[in-house]
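Reader: I am new to protein structures. Please take me closely through the links between side chains in this one, step by step.

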Amino acid sequence: MRYQPLVTALNLGSAALALQQFPISTAGEASVRPLDITNLDSDSHSFGSKIEQWRFDEGPFENATGNLIFDTVYSLLQHWPNTRYRNGHNIVPGSIPTGTLLYHGTSRNTIPSEPDWIATDPEHSLVFARGDGSGWHLTLTATRPLKVLYFDGSSAAKISEGTMDTQDIIAWGEVQPERVFDEKTRIKDLCRWGKAVRNRRFREISRMEMDFEIMLCDFTAGVEVVSFLHVRVLAKDKNPYPYRLPDAPPLDPDALGRTFEAMHSGSWHNRYPGDSRIVLDLPGLISLYDVALAPSLVPVRAGLERLDHRVLGISSEDISQVKRKLTEVISRSDPGSGIDWKSLTHVIVDRYANRLELMQYLLNFTSPDSQEVFERAKLVQTQLRIMLTPYLLNDTVVPSADTPGVHPSQWASPIFRICATTHTTVMINKIPLMTSSERLLLKAIGDTTREICRVTTNMWAVGVMSGFDVLFPTELNGEPNFAQIMNDWKQDIQKLMSWLDWSIWIKCRPACGPEEMCYLPTWPMNAPGRGRPPPRNTTDAPAEVDDLADRVGHPPEDSAIADASFFIETPTEEWKRPQPKCIRRLPPYEF
């Protein structure tokens with residue numbers, strides 16, 4: 001069987017070419033040499049067998065983004081990872097299936113006649129059904145598939161730190177952080193842009209704050225009313241807005257409970273499959289981590305933590321290119337290759353996440369007893385072998401430890417190669433059918449599996465050469481330094497897991513009790529205090545809403561005004577680097 005390397009096919013795409021512009025080596029490792037594809041034809045299958053393409057000392061480029069594309073695609077529509085990394089970089093077309101229920105809360109006995117916000121869960125929309133203890137709650141159902149455009153990250157969080165950058169460049173052609181509260185203009189301009197796209201292939205916008213929401217452009221198209229109810233939500237004499245200001249009345253437990261349940265409903269979508277009522281069209285993915293699409297962002301991101309990545313700083317040329325490509329992907333009739341990219345990313349995470357976490361645990365071990373260290377090393381070796389078992393060739397020959405002129409683990413390169421390409425080898429045949437977005441996905445998956453397999457295969461090979469593996473016995477020249485090997489392994493696993501940066505590893509430890517839930521600081525409950533916005537037009541806001549906006553310091557945003565009611569001050573560092581914690585599901589509530 002031939003194993004054509006993924007990189008051969010992926011270099012057919014523009015993203016691979018762009019990566020060649022930034023050949024910066026990772027500290028302590030050589031970077032992978034870009035392939036010369038100018039003379040590569042479809043019959044160059046032997047290219048994948050060249051040993052220099054599978055060197056263990058060649059890690060990813062410092063500016064490579066394959067791991068970031070992989071992780072953000074894996075995380076689409078999941079609340080937890082998009083709360084951890086609030087600044088989204090993906091725009092993806094999708095649809096809401098026929099029959100899906102959607103919800104809108106309001107203080108008015110009137111169905112909106114202009115673009116407005118709806119929720120995917122009633123606990124979220126009921127927050128906006130406000131008034132003297134009661135409000136109006138509208139339930140809609142989709143009468144046909146509703147075409148949407150999904151912006152990932154916490155894209156409905158009204159903060160100037162980057163959550164709305166991707167919307168800004170589509171609605172206004174530039175990032176405008178000072179307009180973070182200009183939601184009425186934003187929804188109208190996004191709806192207007194979508195209406196102008198050829199064939200009108202999307203009409204609505206999907207975003208996330210404490211839960212997922214839809215910016216519905218037309219309440220008379222594609223939806224019909226299921227019910228429009230006048231609902232009691234609080235006692236009439238209770239304060240419905242749980243804000244905290246020096247002169248504010250005491251917090252009402254029922255109001256806090258309503259706030260908590262809105263946030264709690266978002267947590268239902270924390271992990272895979274996320275909010276399944278929105279079905280994404282990954283062959284139409286637009287990623288601002290695509291260095292061919294937005295090369296101006298490469299120097300902007302250089303040296304920054306991922307938490308600080310945002311789209312601010314993108315060039316006007318790149319914005320034009322992004323908008324052109326977005327128009328193309330949502331207007332296209334080509335369905336793509338038919339590959340289930342969502343399932344593929346989850347297969348890879350399912351296969352490796354738990355095992356890498358187990359090895360991290362096993363390697364967090366010290367002992368002065370060399371025999372104990374040796375036994376622990378054998379446990380790690382067994383886990384490495386289990387992970388690589390599908391790729392362990394029976395005719396593998398382990399050389400003696402003193403073989404000159406090659407990397408000590410290079411004899412294991414065929415195993416590395418098979419491991420890295422096994423999920424994607426056959427897909428190479430479908431490249432002619434793939435959209436440019438799919439080729440980007442293929443490359444991101446290849447980059448990710450290559451690094452996983454490079455690190456784990458090298459660790460396994462070191463274990464074999466050190467006498468830890470019963471299936472591949474070898475003669476030793478002296479006793480290995482078990483403690484040093486364990487320490488090297490520990491660093492290898494930590495570096496790999498940091499590079500992958502999967503949010504599935506972010507969890508409450510120990511697990512929360514039955515009256516608790518695991519929670520990441522979330523907008524709007526935990527956003528640090530902000531100054532007052534500029535003067536606003538209040539002619540459309542009812543008196544009680546305008547009064548609330550004055551007291552809380554946020555502009556009226558029709559149904560979005562209730563967002564302002566949740567702000568509970570959180571230390572800046574805790575907000576910037578959200579860490580999981582257990583919070584109560586019962587009174588007294590804390591965020």
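**A close look at the links**

Author: Start with Cys518, which counts as partly exposed because its relative accessibility is 21%, and buried would mean under 20%. Keep in mind that this is a predicted model.

What is Cys518 joined to? Its partner is Cys508, and the bond between them is a disulfide with 2.1 Å from S to S. Cys518 sits in strand S13 (516-519), while Cys508 sits in the loop between helix H15 (482-500) and that strand. The two cysteines are 10 residues apart, and the pair links distant parts of the chain. Now look along the S-S bond. The torsion there is about 95°, so this disulfide is right-handed. Cys508 has a relative accessible area of 11%, so Cys508 is buried.

In general, a disulfide is a covalent bond between the sulfur atoms of two cysteines. How many does this model have? The count is four disulfides.

Stay in the loop between H15 and S13, where Cys512 also lies. Cys512 bonds to Cys582, with 2.1 Å between the sulfur atoms. The torsion about their S-S bond is -95°, and the link is left-handed. Cys582 belongs to strand S14 (residues 581-584), and 70 residues separate it from Cys512. Are these cysteines buried or partly exposed? Cys512 has a relative accessible area of 22%, so it is partly exposed. Cys582 has 32%, so Cys582 is partly exposed as well.

Cys419 and Cys453 form another disulfide, with their sulfur atoms 2.0 Å apart. At -65° about the S-S bond, this link is left-handed. Cys419 is in helix H13 (residues 413-421), Cys453 is in helix H14 (residues 436-465), and they lie 34 residues apart. Cys419 has a relative accessibility of 0%, so it counts as buried. Cys453 is buried too, because its relative accessible area is 0%.

Count the bonded cysteines along the chain, and the pattern reads 1-2, 3-4, 5-7, 6-8.

Charge gives another kind of link. Side chains of opposite charge can pair when their charged atoms come close. The model has 31 salt bridges.

Return to the loop between H15 and S13. Which residue there pairs with Glu357? It is Arg509, in a salt bridge of 2.8 Å from N to O. Glu357 lies in helix H11 (residues 341-363), so the pair ties together parts that are 152 residues apart in sequence. Arg509 has a relative accessibility of 56%, so it counts as exposed. Glu357 has 13%, so Glu357 is buried.

Arg306 and Asp71 form a salt bridge as well, with their closest N and O atoms 2.8 Å apart. Arg306 is in the loop between helix H9 (297-301) and helix H10 (316-331), and Asp71 is in helix H3 (residues 66-74), so parts 235 residues apart in sequence are tied together. Both Arg306 and Asp71 are buried.

Asp275 and Arg277 meet in a salt bridge of 3.0 Å, N to O. Asp275 counts as buried because its relative accessibility is 0%. Arg277 has a relative accessible area of 23%, so it is partly exposed.

Finish with a group. Salt bridges link Lys158, Asp168, Glu183, Arg186, Arg207, Glu209 and Glu213 in a network.

Key
Residues numbered from 1 in each chain as written. Predicted model: local features only at pLDDT ≥ 70, side-chain atom pairs only at ≥ 80, totals over all residues. Heavy atoms only, no water. Disulfide = S-S within 2.5 Å. Helix = DSSP H or I, 4+ residues; strand = E, 2+ residues; numbered from the N terminus. Buried < 20%, exposed > 50% of the residue type's maximum accessible area, 1.4 Å probe, protein only. Salt bridge = Lys/Arg side-chain N within 4 Å of Asp/Glu carboxyl O.
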